[in-house]
Amino acid sequence: MSKLPQTGSQTVGPFFAYGLTPRQYGYDFPQIADGAMAGDAVPGERIRVAGRVLDGAGQPVEDALIEIWQADSKGMFPGPQRTANDGFTGFGRCGTGTDPERRFVFDTIRPGAPRPGQAPHLSVIVFMRGLLVHCFTRIYFPEEAANAQDPVLLAVPEARRSTLIAQPDGPGRYRFDIRMQGDGETVFFEI
């Protein structure tokens, strides 16, 4: 029996890759975002955030799509207040289907705190098979003193906060695995 093609109701990942992350999947179409979010002219410390989306059995999900949204190094989000054409989009998108380890990888800059009392973070949206509604979470950085006063992080039970904090993985590199369920399940937020 031959394998039937995927349809839109079955998956977000490979089926919609030509429209959401075409370059990553080898299509010659324009795309609005990828894993590189900051050009050379953008001030700030360069960082890489990589990880996998894991299912309840701890296995990598091969057709997940991750989107991130972040402030620049000064805590400002893209918009009219930013300098035009500085090369910072604040938005990234990466599928897990083409990486041999089924990772998402974002090369960006360390975000600044968007407001007093908030810790620098990346806002994350997870799309994947089996989800009728996408999931929202955040990535915080372990060395940030502001984590101790961030209102969103403090709203999470202390025993689960570690699921929102990236792990150092070398100079300027962080690892953040998203666990969809089971032991160590990532905290997700309702929007």
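Visitor: Where does Arg-102 sit?

Guide: Arg-102 is placed in the loop between strand 3 (91-95) and strand 4, where strands are DSSP runs of E with at least two residues, helices are runs of H or I with at least four, and both are numbered from the N terminus. Its phi is positive, about 60 degrees, although Arg-102 is not a glycine. This is a predicted model, in which local features need pLDDT of at least 70 and side-chain atom pairs count only at pLDDT 80 or more, while totals for chains, interfaces and linings use all residues. Residues are numbered from 1 along each chain as its sequence is written, and side-chain values use heavy atoms, with hydrogens and water left out.

Visitor: Is Arg-102 buried, exposed or partly exposed?

Guide: Arg-102 counts as partly exposed because its relative accessibility is 25%; buried means under 20% relative accessible area, exposed means over 50%, and partly exposed lies in between, with a 1.4 Å probe and protein chains only.

Visitor: And Arg-110, where is that one?

Guide: Arg-110 lies in the loop between strand 4 and strand 5 (121-127), and it is buried, with a relative accessible area of 15%.

Visitor: What does the side chain of Arg-110 make a polar contact with?

Guide: The partner is the side chain of Tyr-174, at 2.4 Å; a polar contact is a pair of N or O atoms within 3.5 Å, where within protein one must be able to donate a hydrogen and the other to accept it, and residues adjacent in sequence count only if both atoms are side-chain atoms. The charged end of Arg-110 also sits over the ring of Phe-141, 5.4 Å from the ring centre, the rule being that NZ of Lys or CZ of Arg is within 6 Å of the ring centre and within 35 degrees of the ring normal. Leaving out residues up to four places away in sequence, Arg-110 touches several residues, including Asp-72, Glu-143 and Glu-144, where contact means heavy atoms within 4.5 Å.

Visitor: Back to strand 4, what about Thr-108?

Guide: Thr-108 belongs to strand 4 (residues 103-109) and is buried, with a relative accessible area of 2%. Its side chain is joined to that of Gln-70 by a polar contact of 2.8 Å, and among its other contacts beyond four places in sequence are Met-37, Ile-47 and Phe-88.

Visitor: Changing topic, how many aromatic pairs are there?

Guide: The count is three aromatic pairs, taking rings of Phe, Tyr and Trp (its six-membered ring) whose centres lie within 6.5 Å, with planes under 30 degrees apart called stacked, over 60 edge-to-face and the rest tilted. One of them is Trp-69 with Phe-77, stacked at 5.7 Å centre to centre and 15 degrees between the planes. Another is Phe-104 with Phe-106, tilted at 6.0 Å and 45 degrees, and both of these Phe residues are buried.

Visitor: How many disulfides does the structure hold?

Guide: It holds zero disulfides, a disulfide being a pair of cysteine sulfur atoms within 2.5 Å. Cys-94 is buried at 8% relative accessible area, and Cys-135 is buried at 15%.

Visitor: What is the overall make-up in helices and strands?

Guide: The protein has two helices and nine strands, which run α-β-β-β-β-β-β-α-β-β-β from the N terminus on. Of its 191 residues, 40% count as buried.
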